[in-house]
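Open the model in your viewer and keep the sequence panel beside it. The tour goes from one selection to the next and says what is there.

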Amino acid sequence: MKKLIMLVAVMLLAGCSDKAESNWVAQVIPKEEKQPAPVYEAEVSIHTPFITTTGLVIKQDDRDKWILVNATEVSGHPNVLVQDELQTLGEVQGIDIDHNIAIILIRNSFDFNIFQLSEEEIVNGIDKETKKISYYESFINGRSVQANAKQIQNLLDETIKNPLTWETRYEKNAILLQETALNEATNFTNHYEKNIFTYNPDNLKHFATQFIEQFNKSVKDADWQLLENDVGSDEMMEELQYVNKDVKGYSVREARKDGVFYFVNGIDDEKNEVRLTLINEKGHYKVIGTSLIDSEELKEQKIAQVNLINEPELSEVPALQMFILRKIKQIDITSKENEIWKLEIVDKKVNVQFEKKGKEKMKYSCDAIEIEKNSAKNAVQLIGCSKESEKAVTMGYIK
C-alpha cells in the first residue's frame, strides 16, 4: 500500500513540473514514415564465369522470378549470378536450342518490373519503355536466330511445369557449346562468396555416371583397363580389380567441391550410398577414392581361392582367368589330387609354391601362365620356369 501511494505521488509531481522540461519517450523518438521496398528493373545483369550479359525478367510469382536469356551465353555453366547489388544465384532450368533461348530461375524477396510477352509488332522485338517483347533475337556465329512471343511463352510454361534435369541440361548445353567458344574470364563470379563457379556440377555428375557405367562393364568383362584413364592411383586401380559386384540403378544425388577435391554422392537401386572422391588432373577428372571398395573384405579378396576338383572347364573359373590376365595378384589353386599351388605375380613373373602331403615343398619362378586345352584334358601350365632344368610345369588336370 505504501509503494502504491509513493508511485501516485511521483506521478503527481511529474505532472506539476515544467512542461518544457518534461519529454516523454514518444516525443523524443522521431516519427519516420516507412519507406516502400524498391522495385528493380526488368532488365538485369547476368554474370557467368565466361561472360557478363543481360537478361529480361518475364514472370514473377512471390519469391520466384523467371528470366529470359541468350542460351549460348549461359551454356558453359548451370548457374549464374543476377545483378551486382543483389548477388542472387540463378539456375538455368529451361533451354530451347532451336531458338537459342534459355530460362533462368532465381528466388528472392525483391520485386521486379516485368517484360510482357506481346503479339504486337515491335521494332527490334523489344520495347524497353512499355516493357513488351514481341520477339527475342540472338546471334550464333553471325547468324540471326529469333524466338517469337509464343515460342518464349511455350518455353516458360514448360520450364515452370517441368524444370530441366541435370542430365538433359548437360546434353543441351553440349550441343550449344559446339556453336560458340566460351573462354573463362575474370569477372564478378570470381568474387562470389560461395565460390560455386570454380567447377561445373553438371560436368562432374556426368563424369560420375560415365565412370559407373564403365565400372559395371569392367566387372562384367573382367577388363579393368577400361578405367585406367579415369582412376588416379595405381593402388586404387589394383584394389578395384577385386570388386565383383556391379552397381545397379545408379543415380547422382550431390556433386560438390572442397579444396582441391571433388565429391559425387549417389545411390543404387537398393539405396546403398555410392561415393566417389575425385581430383582434376589437367582438365580431366580422376577417381582417387570410392565406397565401392570394402577395405575390411579386401584383404581376404586379394588371395582368390580356386578348387579345380569339380570344375568341368578351367575357362569357367573367373578367378583363374583374372589371374592369367594379371587382374589379381595372388591365387591359391587346389587340384583334384589335393595338390595346393600358391601363385603370386611379382615383377611380371609368376612365383609358385607347390605343396602336397608327403612331398617336399617346391618353389618356381615362371615367365607366364596359360590354360592348356585339348580333347583329352584341361590343365594349367606354367611356362619358362627357372627351377633346375624345367621349362614348364603343368598342374591341376581335369579329365
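Select Asn-141 and show the surface: Asn-141 counts as exposed, at 64% relative accessibility. Here buried means under 20% relative accessible area, exposed over 50%, and partly exposed in between, with a 1.4 Å probe and protein chains only. Asn-141 lies in the loop between β12 (135-140) and β13 (143-148). Its phi is positive, about 50°, although Asn-141 is not a glycine. Helices (H or I, at least four residues) and strands (E, at least two) are DSSP runs, numbered from the N terminus.

This is a predicted model, in which local features need pLDDT of at least 70 and side-chain atom pairs count only at pLDDT 80 or more, while totals for chains, interfaces and linings use all residues. Residues are numbered from 1 along each chain as its sequence is written, and side-chain values use heavy atoms, with hydrogens and water left out.

Next, select Lys-271, in the loop between β15 and β16 (273-281). Lys-271 is exposed, with a relative accessible area of 64%. Lys-271 also has a positive phi, about 65°, and is not a glycine.

Go to Phe-261, which belongs to strand β15 (residues 261-267). Is Phe-261 buried, exposed or partly exposed? Phe-261 is partly exposed, because its relative accessible area is 36%.

Now select residues 43-47 and 52-61, which are strands β2 and β3; they run antiparallel and are joined by five bridges. Two strands pair if DSSP finds at least two bridges between them. β2 and β3 form a hairpin with four residues between them.

Zoom in on His-47, in strand β2. Its bridge partner in β3 is Thr-52. The side chains of His-47 and Thr-52 also make a polar contact at 3.3 Å. A polar contact is a pair of N or O atoms within 3.5 Å; within protein, one must be able to donate a hydrogen and the other to accept it, and residues adjacent in sequence count only if both atoms are side-chain atoms. His-47 is buried, with a relative accessible area of 5%. Leaving aside residues up to four places away in sequence, His-47 touches Thr-52, Val-80, Leu-81, Gln-83, Asp-84, Phe-188 and Thr-189. Contact means heavy atoms within 4.5 Å.

Follow β3 onward to β4 (residues 64-70): five bridges join these antiparallel strands. Leu-56 stands opposite Leu-68 in β4. The β3-β4 hairpin has two residues between its strands, and Asp-62 in the turn has a positive phi of about 60°.

Last, select the open sheet of three strands, ordered β9-β11-β10, with mixed pairing. β9 (116-117) and β10 (126-127) are at the edges with a single partner strand each, so one side of each has no neighbour in the sheet. Two bridges join β10 to the antiparallel strand β11 (residues 132-133). Asp-127 stands opposite Lys-132 in β11.
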